Amino acid sequence: MINIYTLNKYELITKIKDDGYPKYRGEQLYDWLINKNIKNLEEMSNLPKDFKKYLSENYFFSKLKVLDKISNSDNSTIKILLELQDGNTIEMVIMRYTDKDHSKNRNTLCISSQVGCSVGCPFCATGKAGFIRNLECEEIVEQIQIANEYLKNFDAKVNNVVFMGMGEPLLNRNNVLKAAEIFNKDYNISSRRITISTSGIIEGIKFLADNDLKYVLAISLHGSRNDLRDFLVPINKAKNLEKLIEIVKYYQIKTRKRITFEYIMIDKLNISKRDALELSELLKGIDCHINGIPINTVPGTDFIRPSRNKIYNFKNWCQESGLSFSIREEKGVEIDGACGQLRNKKRGSNESSCSM
Ligand code: SF4
């Protein structure tokens, strides 16, 4: 049995043709699955009985089950807890943005790539729960199918994907890149609207650069000195900031693409004037933008959300020292939008997490 979501359009149509059915049957099936977002064979009204029998005997149509769903009051953020076939759970978050002039809608899916995560950032619920396994390609792709099913209520589809949910995407590189290719080619999501957010996996960044992959690269930086980053992003102990900056420069020379750095803002930890100056020194010569993300206070820890004043002071210091810096529009605070929280609630833990 093959999971239907592992195949891209070409592979699906070729397989169906190789199994003795005309090419147009594959195209009809693709239309139901991807364009109409229907996965129930009964609803595929133009497919004959013998073809449906062949499909049901040879393909899985689903591996994920929706366990829980919460949305904020205006339905602009929807967080969904999914159960995998082996009983593990993951989360995804749908964020609906409308431009100020209402001319364009952006429907972002924050997608998971692993069950748990081995990086172990101390402010993140997913990291604290540890790593369990990589997601298969079809388990990544099916998240968009479920999101689109939900977005039908708003006559919308996912048009922006960020690999910022549970897991480190570049530690599951093959499955993530195959899924990203399916999003790009079959779901018509431009590569400029697919973001791979990494904690700084050097080999993975090099692979993206060497293979001319045009996705947006975001790097969780969070600190501009090794001692600080060793604490906030423990992977830094093995590959320090100097190595990270070296590969970032290599990536930029190869791709000529602007890089986004994510910077979680924590009171009394990484938002002083000194931090801003060191950040600007560290990123000198790199074409980049920094997303400042004020942390949500984690009760019982030293991770405290800075006051509005402190957030804007840090932003101003960064901008004055020449950095392009913005504060990320927050979605999902009302519903604990950060990854890992809904999952932890189901598991009986109240730990909080980061906003990525
Ligand atoms: S913040 Fe991201 S990289 Fe760090 S532990 Fe959480 S999921 Fe992993």
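User: In this predicted model, a residue counts as buried under 20% relative accessible area. Is Gly-167 buried or exposed?

Analyst: Gly-167 lies in the loop between E9 and H6. Its relative accessibility is 17%, and the limit for a buried residue is under 20%. Gly-167 therefore counts as buried.

User: Which residues are in contact with Gly-167, leaving aside its neighbours within four places in sequence?

Analyst: The neighbours within four places in sequence are set aside here. Leu-47 is 120 residues apart from Gly-167 along the chain, and their C-alpha atoms are separated by 38 Å. The contacts of Gly-167 are Ser-113, Gln-114, Gly-116, Cys-117 and Thr-126.

User: Which strands stand at the edges of the open sheet?

Analyst: The open sheet has 10 strands in the order E3-E4-E5-E6-E9-E10-E11-E12-E13-E14, with mixed pairing. An edge strand here has a single partner strand, so one side of it is left without a neighbour in the sheet. The two edge strands are E3 (65-71) and E14 (325-327).

User: By what angle are neighbouring strands of this sheet turned against each other on average?

Analyst: The strands concerned are those of the open sheet that runs in order from E3 to E14. The average is taken over neighbouring strands, with direction ignored. The angle is 20°.

User: In which sense does E6 pair with E5, and in which sense with E9?

Analyst: Strand E5 (residues 89-98) and strand E6 (residues 105-110) are joined by six bridges in the antiparallel sense. In that pair, Tyr-97 stands opposite Arg-106, and Met-95 stands opposite Thr-108.

User: How far is the C-alpha atom of Ser-71 from that of Met-95?

Analyst: Ser-71 is found in strand E3 and is partly exposed, with a relative accessible area of 31%. Ser-71 and Met-95 are 24 residues apart along the chain. Their C-alpha atoms are separated by 9.8 Å.

User: How many disulfides does a search of the whole structure find?

Analyst: A disulfide is a covalent bond between the sulfur atoms of two cysteines. The cut-off for such a pair is 2.5 Å. For Cys-137, the nearest cysteine sulfur is that of Cys-110, 18 Å away, and Cys-137 is in no disulfide. Over the whole structure, the number found is zero.

User: What are the relative accessible areas of Cys-121 and Cys-137?

Analyst: Both values are to be set against the limit for a buried residue, which is under 20%. Cys-121 is buried, and Cys-137 is buried as well. The values are 13% for Cys-121 and 5% for Cys-137.

User: How many of the 15 residues of H5 are buried?

Analyst: Helix H5 covers residues 137-151, and at 1.5 Å a residue it should span 21 Å. Its end C-alpha atoms are 22 Å apart, which agrees. H5 is largely enclosed by the rest of the structure, because the number of its 15 residues that are buried is 14.

User: Is H7 roughly parallel or roughly antiparallel to H9?

Analyst: Helix H7 (residues 202-210) and helix H9 (residues 241-255) pack with their axes 9 Å apart, at an angle of about 10°. Angles under 35 degrees count as roughly parallel, so H7 is, relative to H9, roughly parallel.

Note on methods:
Residues are numbered from 1 along each chain as its sequence is written. This is a predicted model: local features need pLDDT of at least 70, side-chain atom pairs count only at pLDDT 80 or more; totals for chains, interfaces and linings use all residues. Side-chain values use heavy atoms; hydrogens and water are left out. Two strands pair if DSSP finds at least two bridges between them. Helices (H or I, at least four residues) and strands (E, at least two) are DSSP runs, numbered from the N terminus. Buried means under 20% relative accessible area, exposed over 50%, partly exposed in between (1.4 Å probe, protein chains only). The expected span of a helix is 1.5 Å times one less than its number of residues. Axes are lines fitted to C-alpha atoms, for helices over the stretch in contact, and angles run from 0 to 180 degrees between N-to-C directions. Angles under 35 degrees count as roughly parallel, over 145 as roughly antiparallel, 65 to 115 as roughly perpendicular and the rest as oblique. Contact means heavy atoms within 4.5 Å.
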